[in-house]
Amino acid sequence: ALIGAEAGPAALLWTGAAVAVVAALFLVIAIGRPAPQPATTVTAPAISELRAVWGDSLIRRLSAIAFLGFGIYVALTTWLQVLLEPRGVSSEQAGWLLVGLTLAFAVPRGRETATLGAIAAIAAGCCLVLALVQTAAAAALPIVICGFFLIGALPLLLGLADRRAGAAAASAVAAIWLA
């Protein structure tokens with residue numbers, strides 16, 4: 001956005017290089033300083049805690065849902081333009097479709113499980129429609145709907161894992177993130 005399209009790829013590469021150099025300098029400065037000592041000792045979770053979390057079938061199912069749902073979301077954000085290009089959808093139109101894909105929503109507590117099931121059905125339906133559409137206009141609504149629900153599923157998954165795991169909540173949430 002800072003560089004006009006007329007500047008070309010060389011200007012973009014030089015700008016990216018300059019930003020990377022500045023970030024590297026800040027990193028070198030931060031690494032060179034001694035780390036502050038915490039007031040309490042932080043320990044890694046015990047293997048038994050991790051085993052207990054992974055032994056919970058709900059945590060494993062939530063991890064599978066995260067893997068599939070966000071795998072689909074990442075696939076759409078990565079390959080949408082390439083998938084729609086043969087159907088005449090320009091990269092600019094695909095960009096606007098991606099903006100619609102990133103909207104989020106909130107769900108009342110207690111409705112998470114039913115909502116996740118509905119999200120899975122909606123995402124599957126949207127992907128089916130996307131396989132059949134021929135234009136950017138026809139792809140817009142299913143993209144926005146799919147993204148709206150898929151991105152909103154992450155807080156639901158994390159909240160369910162957090163409440164289910166109790167004292168091992170950090171390990172449970174880490175399992176979801178790793179999925």
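How many salt bridges does the count come to? I took a salt bridge to be a side-chain nitrogen of Lys or Arg within 4 Å of a carboxyl oxygen of Asp or Glu. By this rule I get two salt bridges.

**Ground rules**

I noted that this is a predicted model, where local features need pLDDT of at least 70, side-chain atom pairs count only at pLDDT 80 or more, and totals for chains, interfaces and linings use all residues. Residues are numbered from 1 along each chain as its sequence is written, and side-chain values use heavy atoms, with hydrogens and water left out.

**Confidence**

I looked up pLDDT, the predictor's confidence in each residue, from 0 to 100. The mean for the protein is 78, and 84% of its residues reach 70 or more. Confidence is highest in helix 5 (residues 112–132), at a mean of 87, and lowest in helix 4 (residues 91–101), at 76.

**Overall layout**

I counted helices and strands as DSSP runs (H or I, at least four residues, for helices; E, at least two, for strands), numbered from the N terminus. The protein comes to seven helices and zero strands. Along the sequence, the pattern reads α-α-α-α-α-α-α.

Next I checked contacts, meaning heavy atoms within 4.5 Å. Of the contacts in the protein with a separation of 6 or more, 70% are between residues 24 or more positions apart.

**First salt bridge: D56 and R164**

The side chains of D56 and R164 meet at 2.7 Å, N to O. This pair links distant parts of the chain: D56 sits in the loop between helix 2 (47–55) and helix 3, while R164 is in helix 6, 108 residues apart.

Is D56 buried or exposed? My cut-offs: buried is under 20% relative accessible area, exposed is over 50%, and partly exposed is in between (1.4 Å probe, protein chains only). D56 has 16%, so I wrote it down as buried. R164 is partly exposed because its relative accessible area is 46%.

I also listed what R164 touches, not counting residues up to four places away in sequence: D56, L58 and I59. R164 and V53 are 111 residues apart in sequence, yet 9.1 Å apart in space, C-alpha to C-alpha.

E112 counts as buried because its relative accessibility is 8%. R163, with 36%, is partly exposed.

L58 is found in helix 3, and its relative accessibility of 19% is why L58 counts as buried. The C-alpha atoms of L58 and L160 are separated by 8.9 Å, though the two residues are 102 apart along the chain.

Then I looked at G166, in the loop between helix 6 and helix 7. G166 is partly exposed, with a relative accessible area of 44%. The C-alpha atoms of G166 and V53, 113 residues apart along the chain, are separated by 9.7 Å.

**The nonpolar core**

My rule for a nonpolar core: a set of buried Ala, Val, Leu, Ile, Met, Phe, Trp, Tyr and Cys residues joined through side-chain atoms within 4.5 Å. Which residues touch the most other members of the largest nonpolar core? Of its 36 residues, they are L62, L97, L116, L157 and I176. Two or more residues come from each of helix 3, helix 4, helix 5, helix 6 (136–165) and helix 7 (169–178). Helix 6 gives the most, with 13 residues.

L62 touches L116, L157, L160, A161 and I176, again leaving out residues up to four places away in sequence.

**The surface**

Buried residues make up 28% of the 179 residues in the protein. For accessible areas I used the Shrake-Rupley method with a 1.4 Å probe; for residues, only the protein chains shown count as cover. The protein exposes about 11600 Å², and carbon and sulfur atoms supply 71% of it.
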